[in-house]
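Here is a short report on one protein model. Look at the sequence and the fold, then read on.

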Amino acid sequence: MWNHPTIPIGPFNMYSYLVSFNPPTTVNPNPIFPKINKNAFLSPFTYIVGDVSIHAHTYIGPFVSIRADEGTPFYIGKNSNLQDGVILHGLKKQYVKVNNNQYSIYIGNSVSCAHGSLIHGPCQIDDHVFIGFKAIVYNAQVGERCYISTGAVITGGVKLKEGSFVPPGAHINTQKKADALSSVPNTEEEFAREVQRVNQEFPFAYSHLFGNARCSCGLTC
(Lines give C-alpha, C1' and ligand atoms only; values in the text may rest on other atoms or scores of the structure.)
Protein backbone atom coordinates (compact mmCIF):
# COMPACT_ATOMS: atom_id res chain seq x y z
CA MET A 1 0.00 0.00 0.00
CA TRP A 2 1.19 3.53 -0.79
CA ASN A 3 2.42 5.05 2.45
CA HIS A 4 1.52 8.68 3.00
CA PRO A 5 1.63 10.54 6.34
CA THR A 6 -1.98 11.75 6.02
CA ILE A 7 -3.47 8.45 4.83
CA PRO A 8 -4.13 5.72 7.43
CA ILE A 9 -2.73 2.26 6.87
CA GLY A 10 -5.61 -0.19 6.79
CA PRO A 11 -9.22 -0.24 5.57
CA PHE A 12 -10.61 3.24 5.09
CA ASN A 13 -13.30 2.88 2.44
CA MET A 14 -16.84 3.66 3.54
CA TYR A 15 -18.43 0.54 4.98
CA SER A 16 -21.80 1.11 3.36
CA TYR A 17 -24.62 -1.30 2.57
CA LEU A 18 -28.42 -1.38 2.54
CA VAL A 19 -30.29 -3.98 4.56
CA SER A 20 -34.00 -3.22 4.73
CA PHE A 21 -37.53 -4.54 4.71
CA ASN A 22 -39.10 -4.69 1.25
CA PRO A 23 -41.18 -1.69 0.19
CA PRO A 24 -44.90 -2.56 0.37
CA THR A 25 -46.46 -3.02 -3.08
CA THR A 26 -49.57 -4.70 -4.47
CA VAL A 27 -47.34 -7.62 -5.46
CA ASN A 28 -45.69 -7.96 -2.03
CA PRO A 29 -47.65 -5.91 0.54
CA ASN A 30 -46.02 -7.20 3.74
CA PRO A 31 -42.70 -5.56 4.68
CA ILE A 32 -40.32 -8.13 6.18
CA PHE A 33 -36.78 -7.43 7.39
CA PRO A 34 -33.96 -9.85 6.43
CA LYS A 35 -32.78 -12.40 9.00
CA ILE A 36 -28.98 -12.54 8.91
CA ASN A 37 -26.89 -14.71 11.20
CA LYS A 38 -24.36 -12.74 13.23
CA ASN A 39 -21.55 -14.94 11.89
CA ALA A 40 -22.35 -14.19 8.24
CA PHE A 41 -20.39 -11.38 6.59
CA LEU A 42 -21.81 -8.64 4.36
CA SER A 43 -19.26 -6.81 2.25
CA PRO A 44 -19.41 -3.07 1.59
CA PHE A 45 -21.98 -2.07 -1.04
CA THR A 46 -24.24 -5.09 -0.45
CA TYR A 47 -28.00 -4.63 -1.09
CA ILE A 48 -30.46 -6.91 0.73
CA VAL A 49 -34.22 -6.32 1.09
CA GLY A 50 -37.20 -8.40 2.14
CA ASP A 51 -37.77 -11.88 3.51
CA VAL A 52 -34.22 -13.19 3.18
CA SER A 53 -32.58 -15.69 5.56
CA ILE A 54 -28.77 -15.85 5.51
CA HIS A 55 -27.17 -18.47 7.74
CA ALA A 56 -23.89 -18.80 9.62
CA HIS A 57 -20.45 -18.33 8.04
CA THR A 58 -21.82 -17.28 4.68
CA TYR A 59 -19.88 -14.64 2.76
CA ILE A 60 -21.70 -11.98 0.75
CA GLY A 61 -19.29 -10.16 -1.60
CA PRO A 62 -19.26 -6.53 -2.75
CA PHE A 63 -22.08 -5.32 -5.01
CA VAL A 64 -24.27 -8.36 -4.38
CA SER A 65 -27.99 -7.61 -4.85
CA ILE A 66 -30.51 -9.80 -3.00
CA ARG A 67 -34.00 -8.45 -3.70
CA ALA A 68 -36.93 -10.33 -2.19
CA ASP A 69 -39.30 -7.54 -3.21
CA GLU A 70 -41.30 -9.55 -5.77
CA GLY A 71 -40.64 -13.26 -5.46
CA THR A 72 -40.22 -14.24 -1.81
CA PRO A 73 -38.88 -15.71 0.48
CA PHE A 74 -35.17 -16.41 -0.13
CA TYR A 75 -33.09 -18.92 1.84
CA ILE A 76 -29.27 -18.98 1.83
CA GLY A 77 -27.66 -21.75 3.87
CA LYS A 78 -24.50 -21.86 5.95
CA ASN A 79 -20.92 -21.78 4.64
CA SER A 80 -22.03 -20.51 1.24
CA ASN A 81 -20.58 -17.62 -0.74
CA LEU A 82 -22.10 -15.10 -3.11
CA GLN A 83 -19.18 -13.40 -4.81
CA ASP A 84 -18.88 -9.93 -6.32
CA GLY A 85 -21.83 -8.80 -8.40
CA VAL A 86 -24.11 -11.81 -7.84
CA ILE A 87 -27.83 -11.03 -8.32
CA LEU A 88 -30.77 -12.80 -6.66
CA HIS A 89 -34.34 -11.98 -7.67
CA GLY A 90 -37.58 -13.94 -8.10
CA LEU A 91 -40.95 -13.93 -9.85
CA LYS A 92 -44.10 -13.32 -7.84
CA LYS A 93 -46.01 -16.34 -6.53
CA GLN A 94 -43.70 -18.87 -8.13
CA TYR A 95 -42.04 -21.30 -5.74
CA VAL A 96 -39.93 -24.36 -5.19
CA LYS A 97 -40.81 -26.63 -2.29
CA VAL A 98 -38.02 -27.77 0.05
CA ASN A 99 -38.70 -29.67 3.29
CA ASN A 100 -42.40 -28.74 3.04
CA ASN A 101 -41.59 -25.03 2.84
CA GLN A 102 -42.08 -22.78 -0.18
CA TYR A 103 -39.27 -20.55 -1.42
CA SER A 104 -38.73 -18.24 -4.35
CA ILE A 105 -35.02 -19.03 -4.11
CA TYR A 106 -33.45 -21.79 -2.05
CA ILE A 107 -29.65 -21.99 -1.83
CA GLY A 108 -28.29 -24.77 0.35
CA ASN A 109 -25.10 -25.17 2.37
CA SER A 110 -21.56 -24.75 0.99
CA VAL A 111 -22.74 -23.34 -2.33
CA SER A 112 -20.41 -21.10 -4.37
CA CYS A 113 -21.95 -18.50 -6.68
CA ALA A 114 -19.04 -17.03 -8.62
CA HIS A 115 -18.63 -13.44 -9.81
CA GLY A 116 -21.51 -12.01 -11.79
CA SER A 117 -23.79 -15.05 -11.69
CA LEU A 118 -27.58 -14.57 -11.75
CA ILE A 119 -29.87 -16.71 -9.59
CA HIS A 120 -33.51 -16.03 -10.44
CA GLY A 121 -36.46 -17.67 -8.75
CA PRO A 122 -38.17 -19.94 -8.81
CA CYS A 123 -35.11 -22.11 -8.29
CA GLN A 124 -33.56 -24.59 -5.90
CA ILE A 125 -29.81 -25.06 -5.53
CA ASP A 126 -28.80 -27.91 -3.26
CA ASP A 127 -25.66 -28.32 -1.14
CA HIS A 128 -22.09 -28.14 -2.49
CA VAL A 129 -23.06 -26.72 -5.90
CA PHE A 130 -20.66 -24.52 -7.87
CA ILE A 131 -22.11 -21.85 -10.18
CA GLY A 132 -19.53 -20.29 -12.48
CA PHE A 133 -18.82 -16.77 -13.63
CA LYS A 134 -21.76 -15.08 -15.43
CA ALA A 135 -23.84 -18.26 -15.30
CA ILE A 136 -27.65 -18.03 -15.06
CA VAL A 137 -29.96 -20.32 -13.09
CA TYR A 138 -33.68 -19.57 -13.55
CA ASN A 139 -36.72 -21.81 -13.07
CA ALA A 140 -34.63 -24.89 -12.30
CA GLN A 141 -33.64 -27.37 -9.61
CA VAL A 142 -29.95 -28.13 -9.23
CA GLY A 143 -28.95 -31.27 -7.34
CA GLU A 144 -26.10 -31.60 -4.88
CA ARG A 145 -22.50 -31.29 -6.08
CA CYS A 146 -23.40 -30.07 -9.56
CA TYR A 147 -20.90 -27.87 -11.40
CA ILE A 148 -22.27 -25.14 -13.66
CA SER A 149 -19.49 -23.68 -15.79
CA THR A 150 -18.83 -20.12 -16.92
CA GLY A 151 -21.58 -18.53 -18.99
CA ALA A 152 -23.95 -21.52 -18.85
CA VAL A 153 -27.74 -21.11 -18.65
CA ILE A 154 -30.01 -23.48 -16.73
CA THR A 155 -33.75 -22.87 -17.22
CA GLY A 156 -37.03 -24.31 -18.51
CA GLY A 157 -38.03 -26.07 -15.30
CA VAL A 158 -35.23 -28.64 -15.61
CA LYS A 159 -33.91 -30.78 -12.77
CA LEU A 160 -30.18 -31.48 -12.71
CA LYS A 161 -29.36 -34.78 -11.06
CA GLU A 162 -26.69 -34.89 -8.36
CA GLY A 163 -23.14 -34.44 -9.65
CA SER A 164 -24.06 -33.13 -13.11
CA PHE A 165 -21.49 -31.13 -15.09
CA VAL A 166 -22.71 -28.26 -17.26
CA PRO A 167 -20.02 -27.25 -19.81
CA PRO A 168 -19.04 -23.62 -20.43
CA GLY A 169 -21.67 -21.69 -22.38
CA ALA A 170 -24.14 -24.58 -22.46
CA HIS A 171 -27.88 -23.82 -22.59
CA ILE A 172 -29.76 -26.48 -20.65
CA ASN A 173 -33.46 -25.77 -21.22
CA THR A 174 -35.01 -29.24 -21.62
CA GLN A 175 -35.03 -32.23 -19.33
CA LYS A 176 -33.54 -34.33 -22.14
CA LYS A 177 -30.46 -32.06 -22.18
CA ALA A 178 -30.26 -32.15 -18.39
CA ASP A 179 -30.42 -35.95 -18.26
CA ALA A 180 -27.65 -36.24 -20.86
CA LEU A 181 -25.10 -34.30 -18.79
CA SER A 182 -21.95 -36.13 -17.70
CA SER A 183 -20.46 -36.26 -14.22
CA VAL A 184 -18.22 -33.52 -12.86
CA PRO A 185 -14.57 -34.08 -13.94
CA ASN A 186 -12.00 -34.40 -11.17
CA THR A 187 -10.29 -31.14 -12.15
CA GLU A 188 -13.47 -29.08 -11.80
CA GLU A 189 -14.46 -30.89 -8.62
CA GLU A 190 -11.12 -29.97 -7.07
CA PHE A 191 -11.46 -26.37 -8.27
CA ALA A 192 -14.91 -26.09 -6.67
CA ARG A 193 -13.56 -27.48 -3.38
CA GLU A 194 -10.72 -24.95 -3.37
CA VAL A 195 -13.09 -22.04 -4.09
CA GLN A 196 -15.26 -23.20 -1.21
CA ARG A 197 -12.28 -23.56 1.12
CA VAL A 198 -10.97 -20.07 0.40
CA ASN A 199 -14.36 -18.40 0.72
CA GLN A 200 -15.11 -20.12 4.04
CA GLU A 201 -12.25 -18.12 5.54
CA PHE A 202 -13.63 -14.77 4.42
CA PRO A 203 -16.46 -14.20 6.96
CA PHE A 204 -14.06 -14.38 9.92
CA ALA A 205 -11.14 -12.72 8.14
CA TYR A 206 -13.10 -9.71 6.90
CA SER A 207 -14.95 -9.32 10.19
CA HIS A 208 -11.57 -9.17 11.90
CA LEU A 209 -10.28 -6.70 9.31
CA PHE A 210 -13.15 -4.25 9.68
CA GLY A 211 -13.88 -4.90 13.36
CA ASN A 212 -17.22 -4.93 15.10
CA ALA A 213 -17.27 -1.23 15.99
CA ARG A 214 -17.09 1.22 13.09
CA CYS A 215 -17.53 4.96 12.81
CA SER A 216 -19.74 6.45 10.11
CA CYS A 217 -16.80 6.66 7.68
CA GLY A 218 -16.17 2.93 7.96
CA LEU A 219 -12.94 3.02 9.95
CA THR A 220 -12.49 0.42 12.67
CA CYS A 221 -12.66 2.07 16.07
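The structure holds six salt bridges. A salt bridge is a side-chain nitrogen of Lys or Arg within 4 Å of a carboxyl oxygen of Asp or Glu. Side chains of opposite charge can pair when their charged atoms come close.

This is a predicted model, in which local features need pLDDT of at least 70 and side-chain atom pairs count only at pLDDT 80 or more, while totals for chains, interfaces and linings use all residues. Residues are numbered from 1 along each chain as its sequence is written, and side-chain values use heavy atoms, with hydrogens and water left out.

**Salt bridges**

| Pair | N to O distance |
|---|---|
| Lys35 and Asp51 | 3.0 Å |
| Glu190 and Arg193 | 2.6 Å |
| Glu201 and Arg197 | 3.0 Å |

Take Lys35 and Asp51, whose side chains meet in a salt bridge. This pair links distant parts of the chain, 16 residues apart. Lys35 sits in strand β2 (residues 35–36), and Asp51 in the loop between β4 and β5 (52–54). Helices (H or I, at least four residues) and strands (E, at least two) are DSSP runs, numbered from the N terminus.

Lys35 is partly exposed, because its relative accessibility is 45%. Asp51 is buried, because its value is 16%.

Now turn to helix α2 (residues 186–210). Glu190 and Arg193 are three residues apart there, so about one helical turn separates them. Glu190 is partly exposed at 40%, and Arg193 is partly exposed at 46%. Glu201 and Arg197 also lie in helix α2, four residues apart, about one turn of the helix. Glu201 is partly exposed at 47%, as is Arg197 at 42%. Salt bridges that share partners join Glu189, Glu190 and Arg193 into one network.

**Strands**

The protein has two helices and 22 strands. Two strands pair if DSSP finds at least two bridges between them. Strand β4 (residues 47–50) pairs with strand β7 (residues 65–68) in the parallel sense, over four bridges. There, Ile48 stands opposite Ile66 in β7. β7 also pairs in the parallel sense with strand β10 (residues 87–90), over three bridges. Arg67 has His89 in β10 as its bridge partner.

**Whole protein**

Of the 221 residues, 44% count as buried.

Definitions and conventions:
Buried < 20%, exposed > 50% of the residue type's maximum accessible area, 1.4 Å probe, protein only.
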